[in-house]
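Hello,

Here is the structure for you to look over. My notes follow below it.

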Amino acid sequence: MRKIGVLTSGGDAPGMNAAIRAVVRKAIYHGLQVAGIKRGYQGLIQGDIVAMDLGSVGDIIHRGGTMLFTARSEEFKTEAGRERACQQIAEHEIDGLIVIGGDGSFRGAKLLSDLGIPTIGIPGTIDNDISCTDFTIGFDTAINTVIDAVDKIRDTATSHERTYVIEVMGRNAGDIALVAGVAVGAETVLIPEEKHDMIKVVDKLLRGAARGKKHSIILVAEGAGRGFSIGEVIRELTGWETRVTVLGHIQRGGSPTAFDRTLASKMGARAVDLLIAGDRAKMIGTIGGQIVATDIAEALATPRKPDLTLYDLADVLSI
């Protein structure tokens, strides 16, 4: 192992830069060269590759997004595209690759590993939807962004005595809505993993109003329903003035939290160790506070399950 490559792929997540920094500096510490691959797998196919040194990753640990940029690549999904990627890896004399991203990025990493390229994956996605790890890079920052936004919205909800529906990211995974919902004391949390009944949602709102409650917050993961549609149902069934806020891509940005910076640094350093040790097709994760390595194939094949005890707790505490 003389030179390793690092790329970020798919949706960006706060903490990706901290992971890149850890990869580059840990590799250089061990005497390796590092190639930064810009714009994910598409950049790999096009040979958009630059040499990285200690200065390349200076002053980035606190920055959101990814300095290597990111893109999705339809071309990489083809056999010809992957062949071109392997040719670029050979031409740039890259001996191993570290991929930072979500499940789609990991599928690409597995395909490259199957073609003989030693590849290690680092989970970077705000959705926290990767199996075999308790947390993904960016999740903690995203939920704190949501908490900050909801706290501000609650102030105006209280002042105007209104019900607010707040839609957060999570097309297939409700972790952001679930954890943030408990943290902000939302009256109702809707996630794609659990079916919901709008009659029951409205009944809870009406019970709250009957005991003098003046405002309510409903947190909705986008995969559980669109915020504006849910708000319209509430208006139709109650006659109340209901406001809807879609937080959108604000959840992906911002300076990463201390937790995400530390997690990313640990994962990036461990990924380099695995490549040096000759491992391939592995994913770095954290379980019970320990950094672990799992076969990417196992992570991709294992369904990700949210902590439904939190879902039950949110319901109980919002009685």
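Predicted model: local features only at pLDDT ≥ 70, side-chain atom pairs only at ≥ 80, totals over all residues.

Asp103 lies in helix 4, residues 103-114. The UniProt annotation "binding site", from an unreviewed entry, covers Asp103. Which residues does Asp103 contact, leaving aside neighbours within four places in sequence? They are Ile130 and Leu300.

**Arg162**

Arg162 sits in the loop between helix 5 (139-160) and strand 6 (163-168). Is Arg162 buried or exposed? Its relative accessibility is 16%, so Arg162 counts as buried. The cut-off for buried is under 20%. Setting aside neighbours within four places in sequence, Arg162 is in contact with Ala157, Lys214, His215, Ser216, Glu241 and Arg243.

Now strand 1, residues 3-8. Of its 6 residues, 6 are buried, so strand 1 is largely enclosed by the rest of the structure. Lys3, Gly5 and Leu7 point one way from the strand. Ile4, Val6 and Thr8 point the other way. All of them are buried.

Strand 1 and strand 2 (residues 33-37) run parallel, joined by 5 bridges. Across that pairing, Ile4 stands opposite Val34 of strand 2. Strand 2 also pairs with strand 3, through 4 bridges. Those two strands run antiparallel. Ala35 has Ala51 in strand 3 as its bridge partner.

**A helix pair**

Helix 6 (residues 175-184) packs with helix 11 (residues 308-317) at an angle of about 35 degrees. Their axes are 9 Å apart. The crossing of helix 6 past helix 11 is left-handed. Helix 6 makes the contact with Leu178, Val179 and Val182. Helix 11 brings Leu310, Tyr311, Leu313 and Ala314. What classes of residue make up this contact? There are 7 nonpolar residues, no polar and no charged ones.

Best wishes

Definitions and conventions:
Residues numbered from 1 in each chain as written. Heavy atoms only, no water. Axes fitted to C-alpha atoms, helices over the stretch in contact; angles between N-to-C directions. Left-handed = near helix turned anticlockwise from the far one by under 90°. Contact = heavy atoms within 4.5 Å. Nonpolar A, V, L, I, M, F, W, Y, C, P; charged D, E, K, R; others polar. UniProt positions renumbered as here; feature names shortened; annotations may be inferred. Buried < 20%, exposed > 50% of the residue type's maximum accessible area, 1.4 Å probe, protein only. Pairing = 2+ DSSP bridges.
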